Amino acid sequence: MDIFAIYGGLFAIAFAAATILPAQSEAALAGLLAMDSFSPAMLVLVASLGNVLGSVVNWGLGRGIERFRDRPWFPLRPATLNRATSWYRRYGRWSLLLSWMPIVGDPLTVVAGALREPLWSFVAIVAVAKISRYLVVAGAVLGLM
């Protein structure tokens, strides 16, 4: 078993899961943790890094989203994007603490870019949310919760 392929694969899945692509990184992390063959701290670190960087891609896409919003190939439904925008406008940057949630989390990160959230605060808040989620998954799998 190539350790670089394992960690690289986890990074890729976590990265994809944070973008608008459909992917499930929690299952991959849980499976690797259950194998008890890899460092739990390293697995959480790699998954978190991939997931946060994937969210940064969404933030970047959000910076230029308005010109593509009405195109037929646009990946987010208008209703989903509008819901995320209203949450973001209501709660501000702190709504990014919900970036770990399915369905609404990824659009929130796109909206943060569209509404010009500074990258430094975006990364800080999203990192807290994403790392916390993976720590909960790790704790559940390892029987710490």
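This section describes helix packing, annotated segments and selected residues in a predicted model.

The UniProt record, an unreviewed entry, places the feature "transmembrane region" at residues 37-61, 96-115 and 121-144.

Two helix pairs involving α3 were examined. Helix α3 covers residues 40-63 and packs against α5 with the two axes 6 Å apart and an angle of about 45 degrees between them. The arrangement of α3 relative to α5 is therefore oblique, and their crossing is right-handed. On the α3 side, the residues that meet α5 are Ser55, Asn58, Trp59, Gly62 and Arg63. Their counterparts in α5 are Asp106, Thr109, Val110, Ala112, Gly113 and Ala114.

Helix α1, residues 3-18, also packs against α3: the axes come within 7 Å and cross at roughly 35 degrees. The crossing of α1 and α3 is right-handed. From α1, the contact involves Tyr7, Leu10, Phe11, Ala14, Phe15, Ala17 and Ala18. The α3 residues taking part include Met42, Leu43, Val46, Ala47, Leu49, Gly50 and Asn51, together with Leu53, Gly54, Ser55, Val57 and Asn58.

Threonine 109, one of the α5 residues that meet α3, is buried, with a relative accessible area of 0%. Apart from neighbours up to four places away in sequence, threonine 109 is in contact with Ser55, Asn58, Trp59, Leu96, Ser99, Phe122 and Val126. A polar atom of the threonine 109 side chain lies 2.6 Å from the backbone oxygen of aspartate 106. The C-alpha atoms of threonine 109 and alanine 84 are 8.8 Å apart, with a separation of 25 residues in sequence.

Serine 99, a contact of threonine 109, is located in the loop that joins α4 (78-91) to α5 (105-114). Although placed in a loop, serine 99 has a relative accessible area of 1%; as this value is under 20%, the residue counts as buried. The side chain of serine 99 has a polar atom 2.9 Å from the backbone oxygen of leucine 96. With residues up to four places away in sequence set aside, serine 99 touches Gly105, Asp106, Thr109, Val126, Ala129 and Lys130.

Threonine 80 belongs to helix α4 and is buried, at a relative accessible area of 8%. Beyond its neighbours within four places in sequence, threonine 80 is in contact with Ile103 and Pro107. Threonine 80 and leucine 108 are 28 residues apart along the chain, and their C-alpha atoms are 9.4 Å apart.

Serine 121 lies in helix α6 and is buried, with a relative accessibility of 3%. The side chain of serine 121 forms a polar contact of 2.4 Å with the side chain of glutamate 117.

Most residues other than glycine have a negative phi. Aspartate 36 is placed in the loop between α2 (25-35) and α3. Its relative accessibility is 64%, which is over 50%, so aspartate 36 counts as exposed. Arginine 116 is found in the loop between α5 and α6 (119-141) and, at 45% relative accessibility, counts as partly exposed.

Aspartate 2 lies in the segment before α1 and is partly exposed, at 46% relative accessibility. A polar atom of the aspartate 2 side chain is 3.2 Å from the backbone nitrogen of phenylalanine 4.

Terms used: Residues are numbered from 1 along each chain as its sequence is written. This is a predicted model: local features need pLDDT of at least 70, side-chain atom pairs count only at pLDDT 80 or more; totals for chains, interfaces and linings use all residues. Side-chain values use heavy atoms; hydrogens and water are left out. Helices (H or I, at least four residues) and strands (E, at least two) are DSSP runs, numbered from the N terminus. Buried means under 20% relative accessible area, exposed over 50%, partly exposed in between (1.4 Å probe, protein chains only). A polar contact is a pair of N or O atoms within 3.5 Å; within protein, one must be able to donate a hydrogen and the other to accept it, and residues adjacent in sequence count only if both atoms are side-chain atoms. Contact means heavy atoms within 4.5 Å. UniProt positions are given in the numbering used here, feature names are shortened, and annotations may be inferred rather than shown by experiment. Axes are lines fitted to C-alpha atoms, for helices over the stretch in contact, and angles run from 0 to 180 degrees between N-to-C directions. Angles under 35 degrees count as roughly parallel, over 145 as roughly antiparallel, 65 to 115 as roughly perpendicular and the rest as oblique. A crossing is left-handed if the near helix is turned anticlockwise from the far one by less than a right angle, and right-handed if clockwise.
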